Amino acid sequence: ESLAGEGVLEDEKQQVNEELLLKQITDLVINQRLLSGKANAEDRVVKFVHPEELKGLVELSLGGSSLNHVQILELCKQAVEYSVKTNHPKFLNQLYHACDPVGLAGAWLSDALNTNLYTFEVAPFFMMVEYAILAHLRGFIGWEDGDGIFAPGGSISNMYGIVLARYKKFPEVKSKGMSGIGELVAFTSQEGHYSIAKAAHWMGLGTDNLIIVASDSSGKMIPAELENKIVKALEQKKLPFFVNATSGTTVLGAYDPLEPLAFVCKKYDVWLHVDAAWGGGALVSHKYRFLMDGMELVDSVTWNLHKMLGAPLQCSAFLTKHKDILHRCNSASATYLFQTDKFYDTRYDTGDKSVQCGRKVDAFKLWLMWKARGDRGLEEMVDNAFECAEYFSRQIAQRSEFRLVLSEPNCTNVCFWYIPHQLSNCQESPEWWEQISKVAPAIKKRMVEKGSLMIGYQPLPHKNLVNFFRLVIPCQPRPTHEDMDFVIDEIERLGCD
Ligand code: ABU
């Protein structure tokens, strides 16, 4: 604020004072309460403007002349002004939310050091940190050994699972390609994340060779259905090699039953991967880790720590119980980076396990926040989020204007319809459901324009479910029963007419 007129340093009107800018950005983050749990409920979650309008409000074009300090700072303030405040207690829209402030400090520091995480030589400290945090994460799965790597997002982590599964069964693919092998098929449930379909395309399987397995009414993959599909594929002389299970599906939050799925996969010698990008947070909770019983039996896991646990985006761990396969599968042995005659222990030159060359340090921010919170601090946050989901579900079960999609939440996603009074006590015909399908989009528009709340909605066509709300309850900022009550009351206020 002091930069707006009087008191402006003369220097600031000239060129960018880099040191000052860094301090001002830190102040901006703190003063605008952009950190976890610091937003005031009365602040708006978003100041929504349409794309064309935003183009007119912000000078987006670039050119030859440079801006001065004040102008650069003003652009930073605009970035804050027109961004969604993910730290706001009413940002309940997506499978991520506010970032942990200690994690943010870690992210800033590793960004400032601008470390590239491919060799111990250029990343000694962070390489050891990555080893330590990956080992800690594997411990929650129940693996004493194994390997892992941080990837740029859950979709890429899932792709690591597929490429390792294919390499394990058909190692010759690495040099000879797919043409001589036969028709490889992979499996995922109806509720599985769309990244598996993208991976089927990217990896040359083709999306037709991703076989969809039915889920039950709560969204969990049905193991008998998986076995039927594998048997059918074998009868058709296809080559099953990979099953994707999910712990915490994107919409319904379902946890697939890992023990029976692992049994089926073992029987047919198929790699079992678990996309626990969202629901992996349950692993840190003694109360909720039962949701992932059988975890230790699977071959690989995706766990996005930027989701439930609130590490700064992106922070996606790919973990496998197989010790050397990441390196064997992915290495290309570039001689300018991974020299074999180096003077130190080159097992810590992790980069060649990765599909990337340059790799951002995602481990440190997580490691630092884990140091600050401890296992028990994170467990407490996860338990509180689950408890709030249960509370929210109980509350709306008692309100006639609301209807739950599932009688009990699978995870901290709670799915429900709002039934406006004009549509209550009517016959529930297809036309009635058609009317209901328009309610969530209309209320969503109102909540975003008002800026009071953000929650998502979607249909689930394979379950014949028309548009319903999906409330995603975060760990951070720490949700309370009052926040949950606000959501219910606000949807009523927004939808009453
Ligand atoms: N990676 C899936 C997350 C999308 C969502 O927030 O719903």
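Start by selecting helix H8, residues 195-202, together with its cover, which includes H6, strand S3 (184-189), strand S4 (210-213) and strand S5 (239-246). Contact here means that two C-beta atoms, placed from the backbone, lie within 7 Å. Helices (H or I, at least four residues) and strands (E, at least two) are DSSP runs, numbered from the N terminus.

Before you go on, note that this is a predicted model: local features need pLDDT of at least 70, side-chain atom pairs count only at pLDDT 80 or more, and totals for chains, interfaces and linings use all residues. Residue numbers run from 1 along each chain as its sequence is written.

Now colour Ser195, Ile196, Ala199 and Ala200, which are buried in H8 (20 or more other C-beta atoms within 10 Å of a residue's own, all placed from the backbone). Look down the axis of H8: these buried residues fall within an arc of 145°, so they line one face of the helix. The arc is taken from the directions between the helix axis and the C-beta atoms. Just after H8, click on glycine 204, whose phi is positive, about 80°.

Next, select H6, residues 154-169. Of its 16 residues, 14 are buried. From first C-alpha to last, H6 reaches 23 Å, close to the 22 Å expected (1.5 Å times one less than the number of residues).

Finally, move to the open five-stranded sheet, ordered S1-S11-S12-S10-S9 with mixed pairing (strands pair if DSSP finds at least two bridges between them). S1 (91-92) and S9 (402-404) are at the edges with a single partner strand each, so one side of each has no neighbour in the sheet. Zoom in on S11 (454-460) and S12 (465-472), which pair antiparallel over four bridges; there, glutamine 458 has phenylalanine 468 of S12 as its bridge partner.

Terms used
A residue is buried if 20 or more other C-beta atoms lie within 10 Å of its own, exposed if 12 or fewer, and partly exposed in between; C-beta atoms are placed from the backbone.
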